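I opened this model to see how its parts are arranged. My notes follow in the order I looked things up.

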Amino acid sequence: MNTTLPNMQVNNFDIVIQGGGPVALACAAWCLQKFPEAKLALLDRNPIDDADLVAADSRGVALSHGSKLLLDTINAWPTECADIHQVHVSQAGRFGRALMTREELKQDALGHIIRYRDIHLTLRKALRAIQKNSPHFVWEHLDSNTNVDTKEAQARCVVHAEGGLFKTQDWVESGRDYEQSALVGLVEVEQVAPHQAWERFTSEGPLAVLPSHSGPHILNLIWCGSPASSKARLALSDADFLKSLQAEFGSRVGQFLKIQDRRLYELGLNYRKEITQGNEVWIGNAAQTLHPVAGQGLNLGLRDAYLLAEKLSALFSKPEDQKTPKAIEATLQEYAQSRKLDRSATIGLTDFMARIFTSNLLPIVIGRGLALSALQWLPSVKIALARQMMFGRR
């Protein structure tokens, strides 16, 4: 059903943000931090009680160092995380490898691995702290069946930040189905170098072994493969699964000893060509859903949220006669223009990597090996690629 909500009149607000995930929460927090008097409503489908989310999504999510710097501005960096100091990239059974280190980038870390629920809960806490100084902010927790009609809402600006996962979204515009699934879990290993991440490209897709908050011997696993292969791996006994993983990954971390919390996610690319329409704007997974190969999805969404908050807070802090529908539409168009380069570069890079590293054609296999070898011996190219992943492009 469509509703204007029983407990509030959404047409009393300058900004309505639809969504309760990290991107929506961050956008609201940045808007209010920059302009505490903002008339802003957040429509959140998550429970009001944090306790209901403690046992929620525990998968490890990659956040870039650039995202950490952004989240630090609102005191929203989780206390439990695993830093990445170097990344080893290779092909299974083929030549070509590259190593990226924090020293090359002159950064404290290349990235960080954090449980999704920890990001979510930390941002909720940060927003509540900011809420204390925001007299016109309303945080509405909706029933999961409530559908808000943005045309009826009459808010001056509507921000769509309800993203969801690929194939669970109610919109499909542009992109592709990679016909892959990601099997994620936590794996215990015999030996590992602290703060080391491994990205290994197999015949079916990327296989990543990443640090975790649980310590150096418990690593996050992301194993991409065909839907049939991934389902078969999910059904294996623990012993057979570990044997299969060992054969595919090799002995760089010694023996794989234990696997837990295996889950499957379908993978694809879905993105909007136009991210604004009138007084509406789409950010995060509502604007683009990416393959996890380069760990860029949430990072791109957080940059969306931060830059949109800059535009909206600047506009709505102006005198009333300057906040016209025409000015709002122009501001959103300026925002869309400012995001074109970063969006296109990140979407293009992720899509290219997802496709090129699953091809088994001999010329492409050889080309991949040469590219990885060249990347290792051309520091300027490697640094430029790493900086794009860490900070995006403006």
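Predicted model: local features only at pLDDT ≥ 70, side-chain atom pairs only at ≥ 80, totals over all residues.

I listed 11 helices and 19 strands. Of the 394 residues, 55% are buried. I also looked at contacts with a separation of 6 or more, and 79% of them join residues 24 or more positions apart.

I then turned to helix packing, starting with H1 and H8. The axes of H1 and H8 come within 8 Å and cross at roughly 30 degrees. Because angles under 35 degrees count as roughly parallel, I put H1 down as roughly parallel to H8. The crossing of H1 past H8 is right-handed. On the H1 side I wrote down Pro22, Val23, Ala26, Cys27, Trp30, Cys31 and Lys34; on the H8 side the contact includes Leu298, Leu302, Tyr306 and Leu312. By class, this contact has 13 nonpolar, 2 polar and 2 charged residues.

How do H8 and H9 pack? Helix H8 (residues 297-316) and helix H9 (residues 325-356) have axes 10 Å apart, at an angle of about 160 degrees. An angle over 145 degrees counts as roughly antiparallel, so H8 is roughly antiparallel to H9. H8 also passes H9 in a right-handed crossing. Among the residues in contact I noted Arg303, Asp304, Leu307 and Lys311 of H8, and Tyr335, Arg339, Asp342 and Arg343 of H9. The classes here are 10 nonpolar, 3 polar and 7 charged residues.

I checked helix H2 (residues 65-72) for burial. With 6 of its 8 residues buried, H2 is largely enclosed by the rest of the structure. The buried residues are His65, Gly66, Ser67, Lys68, Leu70 and Leu71.

Is Arg233 buried or exposed? I have Arg233 down as buried, because its relative accessibility is 11% and the cut-off for buried is under 20%. Arg233 lies in helix H6 (residues 227-235). Leaving out residues up to four places away in sequence, Arg233 touches Leu183, Glu204, Trp223, Gly225, Phe241, Ser244 and Arg262. From Arg233 to Leu264 I count 31 residues in sequence and 10.0 Å in space, C-alpha to C-alpha.

Last, I looked at backbone angles. Most residues other than glycine have a negative phi. His195 has a positive phi, near 65 degrees, and is found in the loop between strand E12 (174-189) and strand E13 (196-201). At 33% relative accessibility, His195 counts as partly exposed. Asp261 also has a positive phi, of about 60 degrees, although Asp261 is not a glycine. I placed Asp261 in strand E16 (residues 256-271), where its relative accessible area of 34% makes Asp261 partly exposed.

How values were computed. Residues numbered from 1 in each chain as written. Heavy atoms only, no water. Axes fitted to C-alpha atoms, helices over the stretch in contact; angles between N-to-C directions. Helix = DSSP H or I, 4+ residues; strand = E, 2+ residues; numbered from the N terminus. Parallel < 35°, antiparallel > 145°, perpendicular 65-115°, else oblique. Left-handed = near helix turned anticlockwise from the far one by under 90°. Contact = heavy atoms within 4.5 Å. Nonpolar A, V, L, I, M, F, W, Y, C, P; charged D, E, K, R; others polar. Buried < 20%, exposed > 50% of the residue type's maximum accessible area, 1.4 Å probe, protein only.
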